[in-house]
Each structure stands twice: as C-alpha cells, then as structure tokens.
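Colleague: Could you take me through this model before I start working with it? I'd like the terms spelled out as we go.

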Amino acid sequence: MANRALIAYFSLSGATEKMADILQKVTHGTLYPIQVVEPFPDDMYKTNDVAEAQRQSHQYPDLAGELPSLKDVNIVLLGGPVWNGHPSTPLLRLVEEMDFGTVPIAPFYSYATDPSNYAKEIDGLLGNHSLASLGMPDKVVDKTNKATAELQKWWDTVRQK
Ligand SMILES: Cc1cc2nc3c(=O)[nH]c(=O)nc-3n(C[C@H](O)[C@H](O)[C@H](O)COP(=O)(O)O)c2cc1C
C-alpha cells in the first residue's frame with residue numbers, strides 16, 4: 001500500500017506548523033491543523049497557566065471542526081509544541097477524542113531549549129501505537145534546509161513500507 005500519512009498538528013506560534021508543512025512536502029500526506037474553539041491568551045506565561053490548569057484537571061480544550069478521517073491513512077504524524085515539559089492540551093484532547101484503531105503514530109514536536117520528558121510522555125500516552133519521535137529546537141526549525149534534512153531522515157525511519 002502506498003504511504004498515506006495524516007499530519008495532525010497543533011501550533012500556537014508557527015514552529016510546529018513549519019515542521020508539518022515540510023512533512024507534507026516530504027510525505028505527500030494530508031495536513032490536519034488542530035484548532036481550539038477558545039483561543040489561548042497572547043501572553044505565553046498566561047497560556048502556560050491556562051494549559052497547566054487544563055492538564056492537571058484533565059479538562060482539555062474543545063476543538064473546532066471535525067475530527068480527521070483515518071480512511072486510507074496508514075500512519076499518523078502527530079505534532080505539537082512542548083508546553084511546560086508536556087504535550088500541549090489541544091493535542092491531548094485530540095488523542096482523547098480519536099480512535100486510531102491500529103494505525104501507527106509517529107510523534108514530532110518543537111521546543112525552545114528543554115523538551116523535558118516529552119518523548120517518554122507521548123510514547124506512554126500512545127501505547128503500542130507509538131513509533132520513534134522527533135523533537136526539534138525552534139532555532140533548527142528556522143533553518144529550512146537543516147530542518148528538512150532531519151525531517152526527511154526521520155520519515156525514512158518511521159514510514160510504513
Ligand atoms: C505555554 C508555553 C510553554 C512552553 N514550555 C516550554 C518548555 O517547557 N520547554 C521548551 O523548551 N519550550 C517551551 N515553550 C516554547 C515552545 O515549545 C516552542 O517555542 C515551540 O517551538 C512553539 O511551537 P509552536 O510555534 O508550534 O507553537 C513553551 C511555549 C509556550 C507558549
């Protein structure tokens with residue numbers, strides 16, 4: 001079967017979105033931006049407070065629009081930023097809402113300086129769906145050639161034959 005990648009991602013300030021756009025070109029997959037009904041505050045510290053409260057209470061934000069279809073999809077690339085060392089709450093909501101069936105999921109994420117235990121946490125969350133993840137500092141995301149090379153290399157390791 002040909003590779004049919006769904007690239008589902010949340011991005012607040014554009015870094016993960018850039019990774020997703022590169023991945024779309026590399027994989028020829030379908031993009032699905034995760035969108036929230038209620039916007040986060042402009043201030044990142046306030047966003048952090050809102051998100052931490054959501055995370056600790058397991059009250060993840062409502063998502064706008066329809067959930068993505070998994071028809072003909074044979075891999076999900078699931079992206080988002082690191083927030084306070086954890087997956088962002090819109091991404092947690094998508095994982096909560098979706099039934100991925102047996103489709104494997106490869107997580108990718110962007111961060112500023114410290115991804116903390118993001119990889120381990122998302123791996124635990126996705127259980128046996130989870131393939132190797134790729135984290136990228138936002139400074140690397142800015143360097144299009146380097147970012148593209150890293151994303152291509154990662155895709156070559158996770159793509160379904
Ligand atoms: C609420 C919030 C919390 C963040 N926490 C972390 C963190 O714990 N570690 C880190 O390295 N970067 C942290 N960052 C920076 C983002 O992870 C980083 O800028 C990322 O590339 C943003 O992705 P986006 O542009 O797709 O939203 C945080 C940013 C925000 C807004």
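Modeller: Let me begin with burial: a residue is buried if 20 or more other C-beta atoms lie within 10 Å of its own, exposed if 12 or fewer, and partly exposed in between, with C-beta atoms placed from the backbone. Helices (H or I, at least four residues) and strands (E, at least two) are DSSP runs, numbered from the N terminus. This is a predicted model, in which local features need pLDDT of at least 70 and side-chain atom pairs count only at pLDDT 80 or more, while totals for chains, interfaces and linings use all residues. Residues are numbered from 1 along each chain as its sequence is written.

Colleague: OK, which residues of strand S6 are on its covered face, and which on its uncovered one?

Modeller: In S6, residues 134-137, Leu-134 and Met-136 form the covered face, whereas Gly-135 and Pro-137 form the uncovered one.

Colleague: And how many bridges join S5 to S6?

Modeller: Four bridges join these parallel strands, where two strands pair if DSSP finds at least two bridges between them. Met-136 in S6 is the bridge partner of Ser-110. S5 is also joined to S3 by six bridges, again in parallel, and there Leu-77 has Ala-106 in S5 as its bridge partner.

Colleague: Is S5 mostly covered or uncovered?

Modeller: Mostly covered, with six of the seven residues of S5 buried. Over the chain, 33% of the 161 residues count as buried.

Colleague: Switching to the ligand, what surrounds it?

Modeller: The ligand is surrounded by 24 residues, and the closest are Ser-11, Ser-13, Ala-15, Thr-16 and Pro-81; a residue is near a molecule or strand if its C-beta atom, placed from the backbone, lies within 6 Å of it. That shell divides into 10 nonpolar, 11 polar and three charged residues, where Ala, Val, Leu, Ile, Met, Phe, Trp, Tyr, Cys and Pro count as nonpolar, Asp, Glu, Lys and Arg as charged, and the others, Gly among them, as polar.

Colleague: Which element gives the largest share of the shell?

Modeller: H2 does, with four residues. Helix H1 (15-27), helix H2 (44-57), strand S3 (75-83) and strand S5 (105-111) each supply at least two.

Colleague: Where is Leu-70, and what does it touch?

Modeller: Leu-70 is found in the loop between H2 and S3. Leaving aside residues up to four places away in sequence, Leu-70 touches Leu-6, Phe-100, Gly-101 and Val-103, a contact being two residues whose C-beta atoms, placed from the backbone, lie within 7 Å. Leu-70 is partly exposed because 15 other C-beta atoms lie within 10 Å.
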